[in-house]
There are 2 protein chains.
Amino acid sequence: MAVTIREVAERAGVSVATASRVLTGSRNVSVDLAERVNEAARVLGYRHNAVARALRRGRTNTIGMVVPEISNPFFPAIVESVERRLQMTGRDLLLCDAQQDPEIERKRIMALVDHQVDGLIIIPVSAKASHTALAEVSTRMPVVQVDRFVEEYAADWVGVDGSLGMSLAVEHVASLGATGIALVSATLDTSAGQQRHAGFERAMDRIGHPRDWPQLLGTFRAEWGRSAAAILLDGDRLPDAVVCGNDEIAIGVLGEFRRRHVHVPDDVLITGFDDIRFAALADPPLTTVRQPHEQLAAECIRLLDARAADPDTPVQRIAIAPTLVVRESTVGTP
Amino acid sequence: MAVTIREVAERAGVSVATASRVLTGSRNVSVDLAERVNEAARVLGYRHNAVARALRRGRTNTIGMVVPEISNPFFPAIVESVERRLQMTGRDLLLCDAQQDPEIERKRIMALVDHQVDGLIIIPVSAKASHTALAEVSTRMPVVQVDRFVEEYAADWVGVDGSLGMSLAVEHVASLGATGIALVSATLDTSAGQQRHAGFERAMDRIGHPRDWPQLLGTFRAEWGRSAAAILLDGDRLPDAVVCGNDEIAIGVLGEFRRRHVHVPDDVLITGFDDIRFAALADPPLTTVRQPHEQLAAECIRLLDARAADPDTPVQRIAIAPTLVVRESTVGTP
DNA sequence: AATGACAGGGTAAACGTTTACCCAACCATG
DNA sequence: CATGGTTGGGTAAACGTTTACCCTGTCATT
């Protein structure tokens, strides 16, 4: 068994209270006693038991996070930023994978509740189906949604302005002369899907181009990008540009176009969304809308801490403006 | 405050002991009492407090994991598999990022110790520098290394046979007629780097090709792949094949070659290692050595549980044979 | 009918901390 | 010299469970 504070106290010849006070610095202790305690702790290799501390203090110094799918390239980036930021304040991250399934998501959330995490960060699987679990848990502890949010429920959210991001992409390709612009994105069962779709439509209306190209909505995966590209290729003509709902889709589209000898950006322009690590490494490197993970993570934890400090703070939805990263999938090297 | 088992017991008109027995199923309880307890728990929305339970039971049902860098594409895949497998047995994952820094890694390991995790899964940052922290912690709890292992220390490990993997790659390109084969991999400060380098050399010896091409060792990142490719391109002739230490490097090499109009696989063959998600999406799709994450995760947890059950089980190093996935970076479509 | 096994209930200790509360000593102030 | 504040120490309760231990009643066996 590990060494306890009681053993430290005994060796130092003080009460456990004094030992605890020295070790946590919660109250002044005379210098000689403090030295004896520290020495004893050092010699014995004492490490405090975080479980016992958590039980007594009523907080675990642990934050729970549920993501739809860890291996999906965008999520690890945000998990990483969140984890680093938690480290700065000495907190730990309990990470759960929802396997894209709202039912599993619910169970994972409940497991985190059981673990008495001090707060919950969640990227909801579905705008609709994640509703009840989220509503239930947010009465018990601070909850912040990142990237996506559920419908019809007021809970803190921080993400990127998907609509604005899409506008950037659409206006960029339009400024390069594209008039026939197709959308390949994901179905509207996530807020990200909805926002990006809505942003696309608004931008198209604003620049006044006819919407005579299909809006293909599937999943946020490369496979769907491939299929959608095949659909476009099977038509009798190609759009000038394909604006994609995320980078993975765009990469799928790129792949299929390449396979069918359609040249990007000469024959068609392509944009992505997220700026995942691989976007810059694609062929051609992908013009995309960058999500600032560090900022997202920072705001997210700020929100969480604000709510923890005062559960009655008004609910906030923080939409950060994304930026466009122009690469060769739209402007090719001369 | 949350509902406690005491309140459940009161409402059901039984002792907390009985309530606990019903709720955990640890002993037989008469059906009517059991029903009353379950009903009371249901009505009150009782959830057990995992912290209190952990303190009493001496185990947290939580496993700690430290990875060098969450956003590095290979690691999330393995984290995901581990997390899923833990879910199956009702355990949770406390995930830490070492930020590629052995000192931070040490701190994270200690934080996990403090949290009383039941076991530790670690992908060590460095074969040398991670040694002491690992040695220290492995006396306190079950520890299993995945993917990489530290030098001079006998602790359980499960990973892929990097040497064999490299042989597969080398022999594959050799069988396609390549004789001038270059290696672009990472420095020897990780076991993965060492194994893959050694495997390359052994395979070259075995097939009897002269080793007259450089072995370029840098980091496991695409940037390094780019730089290394530039070095190769600046020579007066090109190798027949470039065998890379991982997929990211290979993707970097591909990118640089493409930029300099070297055609893959016509001018030069390229192989990667890991089979990350984007290997198949690269241009051309990357021939690579596949790491079976699911198996790695399964073995890893098996090992961890075995050591937890009996701390004196002999140390095991399990090397799983990887398989070669042939794609167009070596065999181009006709 | 005595005995023993067994089933099912409760009481209370224990897990390792932190901290409310109490107390003694000391010091400054009037 | 009495008073009151401050400083630094200890005692013990509390956090929410689980479980060792004890007790009582029932039933089968002799």
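1. A term first. Buried means under 20% relative accessible area, exposed means over 50%, and partly exposed lies in between (1.4 Å probe, protein chains only). B:R47 is partly exposed, because its relative accessible area is 30%.

2. Basis of the note. This is a predicted model: local features need pLDDT of at least 70, side-chain atom pairs count only at pLDDT 80 or more, and totals for chains, interfaces and linings use all residues. Residues are numbered from 1 along each chain as its sequence is written, chains are lettered from A and ligands numbered from 1 in the order in which they are written, and side-chain values use heavy atoms, with hydrogens and water left out.

3. The protein interface. Chain A puts 52 residues in contact with 51 residues of chain B; contact means heavy atoms within 4.5 Å. The two chains bury about 4900 Å² between them, 52% of it on carbon and sulfur atoms. Buried area here is the accessible area (1.4 Å probe) that two parts lose on being put together, summed over both.

4. The rule finds 10 salt bridges between chain A and chain B. A salt bridge is a side-chain nitrogen of Lys or Arg within 4 Å of a carboxyl oxygen of Asp or Glu. One of them pairs B:R108 with A:D92, with the closest N and O atoms 2.8 Å apart. There are also 33 residue pairs in polar contact across the interface of chain A and chain B, both residues at pLDDT 80 or more. A polar contact is a pair of N or O atoms within 3.5 Å; within protein, one must be able to donate a hydrogen and the other to accept it, and residues adjacent in sequence count only if both atoms are side-chain atoms.

5. What chain A brings. On the side of chain A that touches chain B, α4, α5 (74-88), β2 (92-97), α6 (102-114), α10 (222-234) and α11 (247-259) each supply at least two residues. Helices (H or I, at least four residues) and strands (E, at least two) are DSSP runs, numbered from the N terminus. α5 of chain A gives the most, with 7 residues. This side divides into 24 nonpolar, 11 polar and 17 charged residues. Ala, Val, Leu, Ile, Met, Phe, Trp, Tyr, Cys and Pro count as nonpolar, Asp, Glu, Lys and Arg as charged, and the others, Gly among them, as polar.

6. A bridge between chains. A:D114 forms a salt bridge with B:R47, the closest N and O atoms being 2.9 Å apart. A:D114 lies in helix α6 of chain A and B:R47 in the loop between α3 (31-44) and α4 of chain B, so the pair joins two chains. A:D114 counts as buried, at 8% relative accessibility.

7. DNA strand D. It is surrounded by 28 residues, and the closest are A:T18, A:R27, A:S30, B:I5 and B:R56. A residue is near a strand if one of its heavy atoms lies within 4 Å of it. Sugar and phosphate make up 54% of the atoms of DNA strand D that come within 4 Å of the protein. A polar side-chain atom of B:S20 is 2.7 Å from a phosphate oxygen of DNA strand D. A polar backbone atom of B:A52 is 3.4 Å from a base nitrogen of DNA strand D.

8. DNA strand C. The side chain of B:S30 has an N or O atom 2.4 Å from a phosphate oxygen of DNA strand C. For a base, look at A:A52: a backbone N or O atom lies 3.4 Å from a base nitrogen of DNA strand C. At least two residues of the surface near DNA strand C come from each of α2 and α4 of chain A and α2 and α4 of chain B.

9. A:V158 sits in strand β5 (residues 156-160) of chain A and is buried, with a relative accessible area of 0%. Its C-alpha atom is 5.9 Å from that of A:A319, 161 residues apart along the chain. B:Q291 is in the loop between β10 (288-290) and α12 (293-309) of chain B. B:Q291 is buried too, at 2% relative accessibility. Its side chain makes a polar contact with the side chain of B:D274 (2.9 Å).
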